[in-house]
Amino acid sequence: MFDVKKIRKDFPILSRSVNGQPLVYLDNAATSQTPKQVVEVISDYYYRYNANIHRGVHKLSQEATDAYEKARTTIQTHFNAAHPHEIIFTSGTTESINVIAAGYASILKKEDELLISALEHHSNIVPWQMLCEKTGATLKVIPMTKLGTLDMEAFDNLLNPKTKLVFVNHVSNALGTINPIKEIIDKSHQKGAKVLIDGAQASPHIKTDVRALNTDYYVTSAHKLCGPTGVGMLYGKETLLKELPPYQGGGEMIASVTFEKTTYADLPHKFEAGTPNISGGIAFGAALDYMNKIDFEAIASYERELLIYATDALKKIDGLRIYGEALEKTAVISFNVGTIHPYDIGSILDQMGIAVRTGHHCAQPIMDFYNIPGTVRASFSFYNTFEEIDILDKGIRKAILMLQ
Amino acid sequence: MKTIETIQEEIVEEFSLFEDWMQRYEYMIDLGKSLPLINKQYKTDTYIIKGCQSKVWVHAELKEDQLNFTADSEAIITKGIIAILIRVFSNQHPKDILTANTDFIDRIGLKEHLSPTRANGLVSMIKQIKMYAVAFQAQLN
């Protein structure tokens with residue numbers, strides 16, 4: 001049974017106050033809060049078995065290695081990857097994308113094309129621009145519609161045999177749109193292109209099956225789904241990851257080193273040079289365990305109710321415009337009120353203890369599309385309540401009174 | 001003409017009269033609304049201050065030996081902050097602007113009540129005002 005009151009007790013931070021008001025945390029798309037169960041896993045690691053992994057002969061190293069590799073298996077199971085070694089630990093989504101971009105630098109040719117979507121986060125734009133500069137390949141963009149969805153007809157036309165890679169986010173961070181990634185993956189494969197899906201905004205809300213999707217790569221960060229910052233994952237199909245050159249040189253990623261020649265370790269270690277974020281990796285697994293225990297179906301349906309309730313309430317506010325009106329979206333509301341600058345609304349809300357994000361959300365092309373400097377973004381999580389939406393509603397109304 | 005220091009003391013005193021930060025915000029919003037408009041020709045990229053998340057334009061002009069500032073921003077609270085800075089630094093001698101202490105900002109608690117991005121913007125604004133003072137001081141010499 002989904003019990004939000006009980007769930008909130010797992011998150012001590014939710015009972016603190018900000019500027020003398022109870023905290024209303026609605027910036028979950030930027031980072032989610034961390035439950036006790038996950039924090040305890042991190043402290044337990046440092047209190048009981050902190051050691052370097054994979055090489056040690058001693059007991060502590062063995063325990064740490066086991067916990068770290070168990071977390072990898074947890075992640076593998078959660079995303080339904082075929083093998084644990086298809087899950088590469090990284091520092092987060094951005095690094096995961098850069099691993100692939102760096103790998104393709106030696107694979108791409110001048111006549112190749114890359115296709116990205118207009119809904120991307122800067123982290124899924126800039127690495128590909130850099131890759132195109134390096135290789136001479138061309139970057140093409142799937143345009144968006146006014147509703148904040150991808151123009152799939154344009155996508156069909158852009159896709160051609162020269163397309164080598166397609167990058168789309170599963171869910172847009174700025175608008176919450178859930179993109180039709182299965183269709184994108186299937187159509188791209190028909191033309192021989194590989195697909196990378198940025199799952200950073202999807203994984204806190206949707207349980208993704210990478211094999212059912214048949215995606216080539218899938219990336220996400222732990223801190224979006226109740227885990228710690230500084231750790232994330234790159235999923236890649238075994239055959240593709242084997243072909244890809246390593247990202248960084250260092251310890252752990254080698255099989256043998258002489259001054260003449262180094263041979264690389266097998267997957268996943270080939271991509272995991274140096275001592276990793278061990279406690280972070282273990283906590284990533286714990287975060288998935290925590291969310292799975294609550295159940296992703298229950299999370300999705302509760303968040304859907306929150307989204308509908310909040311959308312209805314906010315739509316009644318005079319002059320408020322919501323950006324991103326896709327039928328399929330996660331619990332994100334990006335909005336502006338009249339000509340009031342999003343920064344002003346965000347600052348007043350902060351004075352009332354309400355945490356929202358304001359600005360371009362690292363997705364400037366979307367803001368340019370709507371010709372706005374940015375938006376106010378309220379993003380909800382399964383630990384938010386209907387009462388908090390009422391507080392947000394009142395807060396926005398008060399901010400408007402002050403600012404107009 | 002009041003000195004920079006006197007004006008700063010006045011502002012510190014005004015801010016101390018408010019009971020909470022919401023009232024101070026209301027005050028800054030009012031200041032923002034009353035900020036005299038910058039001449040349109042200066043609302044270009046040349047006059048934009050880098051480091052602010054909402055666009056801020058500042059223009060400086062030397063009248064006799066005093067620097068006169070006009071400014072604008074897309075965001076009203078940001079305009080309020082600029083209004084405070086203009087009240088302190090406008091119609092002052094470049095040399096006095098250069099040597100002016102700016103700890104009144106800490107004393108009114110402005111920095112800690114601004115979001116980190118806005119606090120950075122505030123630092124950029126002061127830097128820009130001082131840069132103008134450097135440039136015009138060179139002209140006067």
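1. How far apart do the C-alpha centres of domain 1 of chain A and domain 2 of chain A lie? They lie 29 Å apart, in a predicted model where local features need pLDDT of at least 70 and side-chain atom pairs count only at pLDDT 80 or more, while totals for chains, interfaces and linings use all residues. Residues are numbered from 1 along each chain as its sequence is written, and chains are lettered from A and ligands numbered from 1 in the order in which they are written.

2. The domain assignment of chain A gives domain 1 (4-28 + 295-403) and domain 2 (49-293), with bounds that come from an automatic or database domain assignment. Contact between the two involves 22 residues of domain 1 of chain A and 25 residues of domain 2 of chain A, where two residues are in contact if their C-beta atoms, placed from the backbone, lie within 7 Å. On the side of domain 1 of chain A that touches domain 2 of chain A, helix 11 (296-315), strand 14 (332-337) and helix 13 (364-370) of chain A each supply at least two residues, and helix 11 of chain A gives the most, with four residues.

3. Chain A as a whole has 14 helices and 17 strands; helices (H or I, at least four residues) and strands (E, at least two) are DSSP runs, numbered from the N terminus. Its radius of gyration is 22 Å, close to the 22 Å that the globule rule gives for 404 residues, so chain A is as compact as a globular protein of that length. The radius is taken over C-alpha atoms, and the rule is 2.2 Å times the number of residues to the power 0.38. Of the 404 residues of chain A, 49% count as buried, a term for residues with 20 or more other C-beta atoms within 10 Å of their own C-beta atom, all placed from the backbone.

4. In chain A, seven strands form an open sheet with mixed pairing, in the order 4-10-9-8-7-5-6; two strands pair if DSSP finds at least two bridges between them. Strand 4 (87-90) and strand 6 (138-142) of chain A are the edge strands, each pairing on one side only. At one end of that order, strand 5 (residues 113-117) and strand 6 of chain A pair in the parallel sense over five bridges, and A:Leu114 has A:Leu139 in strand 6 of chain A as its bridge partner.

5. The largest nonpolar core has 139 residues, and those with the most contacts inside it are A:Tyr235, A:Ile282, A:Ala287 and B:Val58. Such a core is a set of buried Ala, Val, Leu, Ile, Met, Phe, Trp, Tyr and Cys residues joined through C-beta atoms within 7 Å. Both domain 1 and domain 2 of chain A give residues to this core, so it lies between them. Leaving aside residues up to four places away in sequence, the residues that A:Tyr235 touches include A:Phe79, A:Ile87 and A:Tyr218.

6. Chain B comes to six helices and two strands, and from the N terminus on its elements run α-α-β-β-α-α-α-α. Of the 141 residues of chain B, 35% count as buried, and the C-alpha atoms of chain B fill a box of roughly 45 × 30 × 25 Å, taken along the principal axes.

7. The contact between the chains takes 13 residues from chain B and 12 residues from chain A. Helix 2 (21-34) and helix 3 (76-89) of chain B each supply at least two residues of the side of chain B that touches chain A, and the largest share of that side, five residues, comes from helix 2 of chain B.

Key
A residue is buried if 20 or more other C-beta atoms lie within 10 Å of its own, exposed if 12 or fewer, and partly exposed in between; C-beta atoms are placed from the backbone.
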